[in-house]
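Here is a walk through one protein chain, from its overall layout down to a few single residues. Have the model open as you read.

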Amino acid sequence: MTLKYLLNGKYDTDKGVFLGENSNSPKYYVASDNIRSSNYRGLLPSDLMTILSGHHLQFNVHSGKGAIFHLMGALSEFGKCGVTCIGDSPEEAQSIYDKVVSTLDAECSPKNMYTHMVIPLLHE
């Protein structure tokens with residue numbers, strides 16, 4: 001369903017593949033509803049989008065590739081979300097998924113916990 005809405009394509013029943021509208025080439029996806037880490041707790045959906053776009057992993061409508069998150073309401077409280085990663089091959093979709101998970105893990109690791117905070121300086 002995500003492929004259909006994002007790519008406005010169609011399922012080719014003869015070939016057993018989903019074809020993107022613009023490229024008319026097959027698209028593939030890897031998805032999970034259970035990307036989870038206690039380090040993700042406290043992360044807001046806007047933080048997630050900032051991390052994603054900062055690493056150029058967000059879905060691109062022109063190429064028809066990238067990551068789309070869902071279940072973001074569970075992110076801050078439970079440290080859990082879902083993602084669908086779309087690519088031009090099964091390997092590319094898996095690679096995008098692997099990069100999303102490793103990027104989130106790296107950005108949310110305890111050693112990076114304070115690197116993104118702006119702390120005001122006090123002047124006397």
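## The overall layout

Keep in mind that this is a predicted model. The chain holds four helices and five strands. Going along the sequence, the pattern reads α-β-β-β-α-β-α-β-α. There are 124 residues, and 34% of them count as buried. If you take the contacts between residues at least 6 apart in sequence, 56% of these join residues at least 24 apart.

## The sheet

The five strands make up an open sheet with antiparallel pairing, in the order β1-β2-β3-β5-β4. The edges belong to β1 (10-12) and β4, and each has a single partner strand, so one side of each lacks a neighbour in the sheet. On average, neighbouring strands are turned by 40 degrees against each other, with direction ignored.

| Strand pair | Bridges | Residues standing opposite |
|---|---|---|
| β1 and β2 | Three bridges | Asp-12 and Val-17 |
| β2 and β3 | Two bridges | Leu-19 and Pro-26 |
| β3 and β5 | Seven bridges | Tyr-29 and Ile-86 |

In residue numbers, β2 covers 17-19 and β3 covers 26-36, while β5 covers 80-87.

Helix α4 packs on this sheet and touches β3, β4 and β5. The direction of α4 makes about 145 degrees with that of β5.

## Helix α2 and its two sides

Now look at α2, residues 45-54, where the buried residues are Leu-48, Ile-51 and Leu-52. Why do these three end up on the same side of α2? They cover an arc of only 100 degrees around the axis, which puts them together on that side. As background, an α-helix has 3.6 residues a turn, so residues three or four places apart point the same way. Over on the other side of α2, Thr-50 and Gly-54 are exposed.

What do the buried residues of α2 pack against? Their partners are β4 (66-70), α3 (75-78) and α4 (90-107).

From α2, the contact is made by Leu-48, Ile-51 and Leu-52, and from α4 by Val-100, Thr-103, Leu-104 and Glu-107.

Leu-52 is worth a click. This residue of α2 counts as buried, because its relative accessibility is 5% and the cut-off is under 20%. Leaving aside neighbours within four places in sequence, Leu-52 is in contact with Leu-57, Gln-58, Ala-67, Phe-69 and Val-100. Leu-52 and Ile-68 are 16 residues apart along the chain, and their C-alpha atoms are separated by 9.5 Å.

In soluble globular proteins, nonpolar side chains tend to be buried together. Here, the largest nonpolar core has 20 residues, and those with the most contacts inside it are Phe-69, Val-83, Val-100 and Leu-104. At least two residues of this core come from each of β3, α2, β4, β5 and α4. Which element gives the most? That is α4, with five residues.

Apart from neighbours within four places in sequence, Val-83 is in contact with Val-30, Ala-31, Ser-32, Ile-35, Ala-67, Ile-68, Phe-69, His-70, Tyr-97 and Val-100.

Most residues other than glycine have a negative phi. Two residues go the other way.

His-56 is not a glycine, yet has a positive phi of about 55 degrees. Is His-56 buried or exposed? With a relative accessible area of 69%, His-56 is exposed.

Leu-71 also is not a glycine, and its positive phi is about 60 degrees. You'll find Leu-71 in the loop between β4 and α3. With a relative accessible area of 44%, Leu-71 is partly exposed.

Definitions and conventions. Residues numbered from 1 in each chain as written. Predicted model: local features only at pLDDT ≥ 70, side-chain atom pairs only at ≥ 80, totals over all residues. Heavy atoms only, no water. Pairing = 2+ DSSP bridges. Buried < 20%, exposed > 50% of the residue type's maximum accessible area, 1.4 Å probe, protein only. Arc of directions from axis to C-beta. Contact = heavy atoms within 4.5 Å. Core = buried A, V, L, I, M, F, W, Y, C linked by side-chain atoms within 4.5 Å. Axes fitted to C-alpha atoms, helices over the stretch in contact; angles between N-to-C directions.
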